[in-house]
Structure formats: structure tokens, C-alpha cells
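Please keep the structure in view while reading.

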Amino acid sequence: MKKLLCGLVAVLVSSTFLLGGCSIFGGNETVLDVTVNNTYDSMTDEQWKEYKDLLASGGNSGASLQASINGSLMSGVSIFTSFSYNDLICYVDSYNGPKQVGRLDYHAVYTGAGVIVELDKANGNAYVVTNCHVVFDDTSKETVSRDVRLFLYGQDARGINYSLDTQYVYYGGEKVYYREEDGNEYYLNDTAIINDREYCIPAEVVCASVTHDVALLKVTDSNVLKKSGAVVAQFAESDEVYAGSRAYAVGNPEGDGMSATLGVVSKESEIIQLNLSDKDENAYQNYRVIRTDAAINGGNSGGGFYNEKGELIGIINSKHTGEEIDNMGYALPASTVKRLWLLMKDADRLTLSYGKPYVKAASFPAEYKIASTVSFINPQGLAEIAETLVVSSGGSGFKTGDVLKKLVIADANGTVKEEKIITRSYHVDDVLLSARSGDVITFTVMRGGAETSVSYNAQLGEI
């Protein structure tokens, strides 16, 4: 049985055509019902609230869930990114046979999804969270896309709100092609999004992190946003997520427009390995994720993962594929994402190290390990896991054997910004994302049978 873990960006139009004209899209394009656009274009914020209240007033979980899903669709965006390449050795046919013409430029368009996390509709400004791999391709000329376009729900139908223009690449009047390692030859083409001026929301990548697979997009002075029915996604108040909870994913599968799929939280926390690099096949990294059985497809990357109350509990980023594998999709936990996007907003700077985008954050100055794990049913009847974290290599005031109990972050004036009782290993890394330079980080530890505290000044480093 072959098993593959993959990100979920969908290529809208392949950068290649098989000689003979076959494309990734066979046949006519499908378009969505135009009445969707008319409904939401004309709905005011007040009308939208009344609509949600009407759905929720049905007195049953089905109506409430429907209202939640509809609200989440209005806080989601379809994302289209364009990249340029010159990585292929190209040929044209001549009287003397194939002629090599070097590496020629071409463009490809990819699609994903995103979530609006801050909105100033009056001024047409917003911040949108998505996956890093939606805007990142280390085989492209840009590495991080410089052409990012967003479309709101009901305004993302191909053939209505935008079109794809695919042209063969020519050299000296002849069609250009290239050869794969298997000897097959493919025409090279160039793809662009056109006819989107009325509905497109241009965005820029202000920060991104391969380590976390999160990127932050910024929208400025968008007339589309000013007159839209878009709303801000609400993060879940609690960081805790439990297996068996009903949940749904909102995304842009296969670039066919924003939609929702329903499932449950299959596992509240686990570690997977994912490679965001198209250049280095060994560049795998660990990511903490929530597992779900909701249907996840290419183009869902960066879309929201919500509980049945419509609160954001994660950002979809990958799935298992392969023979005999079903319903194993993954989302980055909101407990990480909500702290990370605020850190990125404060940084407001796209920084690359050896072509890899990163963010600077505080870290734990020593090493710790999980000494023990227990599981139990809490008073609400839900299964919980508790871990005991022990310092395995001391430093910066920590001693080997210290048991980590509590973490507090305070600013230079002593005002507490965040505090957390440590019961899971990921609590440390998640909460440290809230620290800024100059903050004081204090851990309560159990040492020799007594509690003591260890404090140090936050220093932000590349992660």
C-alpha cells in the first residue's frame, strides 16, 4: 500500500500540454449559477445578520450548523497565485530536426483558499491567513508569489468572475516544447488570469513561514471589499479541541469556488511530516495538526476548519493520499495560527533565508522532553491527554529534571499578556509565539519537590 502526504494546492492549468493538445482540463469549463453573485452582492451586513439569526432560530442543531457554515463561507476567500519559471530546456522543430533554444519564461496559476482574520470594510483593508505553500514555490523565479488575487464567496466562478488565458509559447514562430526524463514531449504554455477586474481583490504576502506552513496576506483599499458582504472569522475561545466533535472545512477545491464539507475531528493533535519544497525532496519538516474525516481536496489549502458553532479551530493544509486511504485530512491548529498571524502582522515583513520564508519568534532556551503521558475522561465526558514535561538539558536558569508547570508572558511594564498551565508539549511553542522582543517570559517549574520560577527576556530568532 502506497501512502503519500501532500499539500493541497491545485494547479488550475498545467504548465504543459502533451504534444497533440491534451490539457489537464478536457472539455468545456463548468460555471456556477450566476444567481449566487446577485444574492450576496446585494446583501447588507444587517441583512446578512438577520439571515443568520433566521437560520439559527429553527431551534435545532441542523439549522444552527447551516447558519455557521454560511457565515464561514462569507469569511473565506479563493486564492489564485501566479508564478514564473524558466527551469525547462526548450526545443522547436526545424528543417534539420529538433533545435534547442534554451530556457524560456512561462507562467502557471495555482489555487488555494484563505480566511479573513481582520477586516476594515470601510477602507477596503483586510488581513487574510493561508498556507505558506499556497504562495511559495522554491522552483519559481520569485520563490514567493508577487501576483496574489483573492475572490469572495459567490464571486469566484470561472467564466463569470474571471477567465483563464492559456497560450502556447512560441520561439521564431514555432511552438516550443520540452522533454521529460521518460522521453515524452510536451508543449510549453503560458497561463494568466484575465477578465477579473470587477471581482479581483489584489493582495500582497507580508510574511510567511515554511516552519509553520502559514502565510499572512494584506489587502489595501479594495473597492470590492468595501461593497462586499465579507465578514471576519472568529477564532474559538478555547485552544482545546476534542475527538468526535462535529467540524467542517471551507475551501476552494480544484479551483471550483468556495464550498464546505462536513465531518468530525478524528484526532485532536498529532505530528505529521510534510515537504513544502519542490526543489529538495528531502526537506521534510514536522507539523502539529488536527486530523479530520471531512472531504479535503486540492485547492483546500489555507481554508478554514471550523467547529459546529462556526468558530475557527484550524487551517486546512494537507491530506494522506494513496491506495486504500480515505478521509485523512489535516488542519493546522488555531491555537498556533491565531498567535502566529499576529506575530506576522507585527513583523509586517517578508524575510527569506536561502530562499525559504521565515518568521522570528521566541523559543525555549533549554531542552525538554515528555516524561509521561496519561489519558482520562474529564467531567464533561470528553477524552483528554495530559503530558508531563521535564527539562532534559539545562541552561538559562533551567536545570535538568525541572518539571514545566506554567508559562507566563508579560510586557516590560509587568502587564501579563498570556499565561498557560502546561499540560501538553505543544503549549510551550504555541504560547511563546505571543512573546515580543523585550517581554519577560516566566516558567513555573517543580524542582526538588518545590515550585520555583525561571525568567528570561524574550529574544526573537529565526524559526
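How many helices and strands does the chain have? In this predicted model, the chain has 7 helices and 35 strands. Of its 463 residues, 51% count as buried, and among the contacts with a separation of 6 or more, 67% are accounted for by residues 24 or more positions apart. The chain exposes about 21400 Å², of which carbon and sulfur atoms supply 46%.

The largest nonpolar core holds 62 residues, and V129, L150, L152, L217 and Y287 touch the most other members. Another core, of 20 residues, lies apart from it and has L389, V391, L404 and I441 among its members.

The aromatic pairs come to 16, and two of them are set out below.

| Pair | Distance of centres | Angle of planes | Arrangement |
|---|---|---|---|
| F83 and Y110 | 6.0 Å | 70 degrees | edge-to-face |
| F398 and F443 | 5.5 Å | 75 degrees | edge-to-face |

Because F83 lies in strand β4 and Y110 in strand β7, their pair ties together parts that are 27 residues apart in sequence. F398, in the loop between β30 and β31, and F443, in strand β33, are 45 residues apart. F398 is buried at 4% relative accessibility, and F443 is buried with a relative accessible area of 0%; F398 and F443 belong to one aromatic cluster with F364, Y368 and Y456.

Charged ends also sit over rings: that of K175 is 4.1 Å from the ring centre of Y168, and that of R288 is 3.5 Å from the ring centre of Y426.

Key: Residues numbered from 1 in each chain as written. Predicted model: local features only at pLDDT ≥ 70, side-chain atom pairs only at ≥ 80, totals over all residues. Heavy atoms only, no water. Core = buried A, V, L, I, M, F, W, Y, C linked by side-chain atoms within 4.5 Å. Buried < 20%, exposed > 50% of the residue type's maximum accessible area, 1.4 Å probe, protein only. Helix = DSSP H or I, 4+ residues; strand = E, 2+ residues; numbered from the N terminus. Contact = heavy atoms within 4.5 Å. Areas by Shrake-Rupley, 256 points an atom, 1.4 Å probe, with all protein chains shown as cover. Phe/Tyr/Trp six-rings, centres within 6.5 Å; stacked < 30°, edge-to-face > 60°. Lys NZ or Arg CZ within 6 Å of the ring centre and 35° of its normal.
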